[in-house]
Amino acid sequence: MRVLGIETSCDETAVAVYDSQHGLMSHQLYTQLPVHQQYGGVVPELASRDHIRKILPLTRQALKQAHSAWSDIDGIAYTAGPGLAGALLVGAVFARALGFSLNRPTLGVHHLEGHLLAPFLESTPPVPPFVALLVSGGHTQLFYVSAIGHYRLLGESLDDAAGEAFDKVAKMLGLGYPGGAALAALAEQGKPGFFTFPRPLIHRPDLNFSFSGLKTAVLQAWKKSGQTDQDKANIAYAFQEAVIDTLLIKTEKALMQMHSTRLVVAGGVGANTLLRTRLSACLEKMQGQVFYPRLEFCTDNAAMIAYAGWHYLKEGKQDADLAIRVKARWELQNG
Amino acid sequence: MKILAFDTSTQQCSVALLCGNEIKDISLDAPNQHAELLLPLIHRLLHEAGLSLTQLNAIGFSRGPGSFTGLRIAASLAQGLACAHDIPVAAISTLQMMAQATHLTQHAERIAVAMDARMQQIYWGTFAGTGIMLPTCPEQVLSPNEVILAGKDWTAVGTAWQVYSDSLLFLQPQLAHIDTKSLPQARNLIPLAQYQIEQKLTVSAENALPIYLRDKVC
Ligand SMILES: Nc1ncnc2c1ncn2[C@@H]1O[C@H](COP(=O)(O)OP(=O)(O)OP(=O)(O)O)[C@@H](O)[C@H]1O
Ligand SMILES: [Mg+2]
């Protein structure tokens with residue numbers, strides 16, 4: 001079965017083709033970053049306007065890259081939420097209309113399930129059950145995944161997501177938007193021993209996170225410092241240590257609680273080198289395994305949506321009726 | 001001639017199908033339900049006419065101005081329906097469609113369309129002709145008091161004539177008739193889509209794009 005995947009939940013337009021036999025056959029992505037950068041955040045109306053210009057050209061490119069004709073597509077998966085309602089609608093309406101015109105089944109996919117399943121696109125995919133750490137721009141969550149489709153939320157951020165904290169601190173330090181990766185790069189120039197920031201909630205038995213206090217602590221430290229380039233790097237270093245440490249402690253706790261030695265990491269912050277190094281070391285110590293998506297599939301993409309959709313479409317699951325629905329807010333939690 | 005047309009530029013969700021000489025249409029008042037209703041309505045019209053999508057000569061949609069989200073719903077629907085079968089698309093002005101409707105029902109030949117654009121502005125377009133109403137000026141978004149209208153005997157169409165009746169009062173001497181009630185209807189897309197087919201003005205699916213008129217959005 002060959003599935004076309006479509007992603008338009010935020011500020012990337014993406015289309016991919018996944019096939020039962022050939023695996024991932026193509027993936028195309030257009031990032032609107034330059035459009036939103038000047039505003040320091042995503043402007044929903046501009047995002048939607050860009051999606052509708054790009055969706056069909058990208059689809060044609062994805063088909064071409066997959067050496068496929070329209071009629072080779074057996075099913076269509078699209079992100080139905082969560083995300084920006086107007087942006088989601090462009091992808092959903094296009095996908096459903098295309099499915100209608102080709103007389104092929106369609107399925108709305110949960111964006112976060114897409115993220116969680118991204119490591120399945122790699123050559124050694126994880127085997128459930130496992131614990132999953134989802135760390136993105138909008139989410140910081142720990143799940144227990146007993147099987148694909150069965151996600152039990154173990155804990156989550158009570159305020160800012162880890163990626164959001166990275167971005168806010170980066171903005172504070174003048175590193176632009178979204179500055180998570182730039183902040184991580186700067187942290188490499190930083191030295192230990194100058195600043196320390198709190199590890200929120202780590203002594204609590206639950207698996208929740210809180211990152212909003214961290215940015216206030218960072219702001220105060222920055223104001224009190226000499227504000228040299230080295231100070232900036234040292235602060236970046238200490239901030240990254242605090243976030244990664246917190247993620248590590250809670251993830252370890254989750255693995256112990258669930259008696260699991262398999263971990264899946266997904267979402268944009270999953271591209272962070274320090275996070276990967278620490279988690280890999282942790283799992284090695286437990287004689288367990290950790291699974292990551294390739295770097296480009298940590299952030300939003302359609303390959304993960306095509307894969308997630310394929311998983312259900314091949315079992316005959318599809319949109320129940322012709323009504324097109326998107327869900328800007330949508331919990332991923334079903335046992 | 002077989003043409004499918006839909007309009008979601010206002011609160012109304014409107015779908016029409018031309019099959020031979022007959023137009024079948026459905027219009028529902030459906031704020032925020034356009035995406036839910038469109039495909040079921042289209043399926044129903046096609047099914048009742050015993051038509052499949054591939055038999056269509058063109059797909060028409062109202063490309064704006066109007067509700068931004070509504071315009072994108074119609075445009076992405078047109079793209080998705082048209083792309084795989086290379087069905088020509090007629091992207092039609094909402095203002096022109098309203099002018100066309102008034103022309104057909106009231107035989108007016110000079111029509112000034114003004115739709116409420118919120119934020120103290122209107123979407124403005126003037127049309128004239130016999131048979132097919134064609135624009136006599138570029139469509140604009142502007143303040144009611146910025147409107148410039150030459151000549152007399154205009155028929156005024158659109159909600160803005162009521163919403164901004166005070167600010168538009170200065171145009172009164174140039175108006176022959178005012179209709180503030182009418183909303184865009186998909187059936188009025190059909191003659192304009194036919195005209196686009198005849199004049200080879202239809203576009204391919206990737207150019208089925210909204211025209212918002214208001215481009216400053218943040
Ligand atoms: N190397 C890195 N270190 C830390 N953070 C990073 C790194 N690379 C990317 N990020 C962060 O990842 C986030 C983007 O991830 P992603 O695209 O998965 O999020 P999103 O799609 O916006 O959110 P969601 O999927 O929750 O709606 C940004 O906050 C970005 O700063
Ligand atoms: Mg994402």
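Contact here means heavy atoms within 4.5 Å. On that basis, in this predicted model, 26 residues of chain A meet 30 residues of chain B. Putting the two chains together buries about 2500 Å², and carbon and sulfur atoms account for 71% of that. Three residues, A:Arg49, A:Ile52 and A:Phe100, supply 26% of the area chain A buries against chain B, more than any other three residues.

- You'll find 3 salt bridges between chain A and chain B.
- One of them pairs A:Arg60 with B:Glu206, with the closest N and O atoms 2.7 Å apart.

**Chain A's side**
- Two elements of chain A, α2 (44–65) and α3 (85–102), are the ones giving two or more residues to the side that touches chain B.
- Of these, α3(A) gives the most, with 10 residues.
- By residue class, chain A's side splits into 18 nonpolar, 2 polar and 6 charged.

**A look at B:Thr159**
- B:Thr159 sits in the loop between β10 (154–157) and α4 (160–163) of chain B.
- Leaving out residues up to four places away in sequence, B:Thr159 touches B:Ala114, B:Met115, B:Asp116 and B:Thr180.
- With B:Asp116, a polar atom of the B:Thr159 side chain lies 3.3 Å from the backbone nitrogen.
- B:Asp179 is 20 residues from B:Thr159 along the chain, and their C-alpha atoms are separated by 8.2 Å.

Terms used. Residues are numbered from 1 along each chain as its sequence is written. Chains are lettered from A and ligands numbered from 1 in the order in which they are written. This is a predicted model: local features need pLDDT of at least 70, side-chain atom pairs count only at pLDDT 80 or more; totals for chains, interfaces and linings use all residues. Side-chain values use heavy atoms; hydrogens and water are left out. Buried area is the accessible area (1.4 Å probe) that two parts lose on being put together, summed over both. A salt bridge is a side-chain nitrogen of Lys or Arg within 4 Å of a carboxyl oxygen of Asp or Glu. Helices (H or I, at least four residues) and strands (E, at least two) are DSSP runs, numbered from the N terminus. Ala, Val, Leu, Ile, Met, Phe, Trp, Tyr, Cys and Pro count as nonpolar, Asp, Glu, Lys and Arg as charged, and the others, Gly among them, as polar. A polar contact is a pair of N or O atoms within 3.5 Å; within protein, one must be able to donate a hydrogen and the other to accept it, and residues adjacent in sequence count only if both atoms are side-chain atoms.
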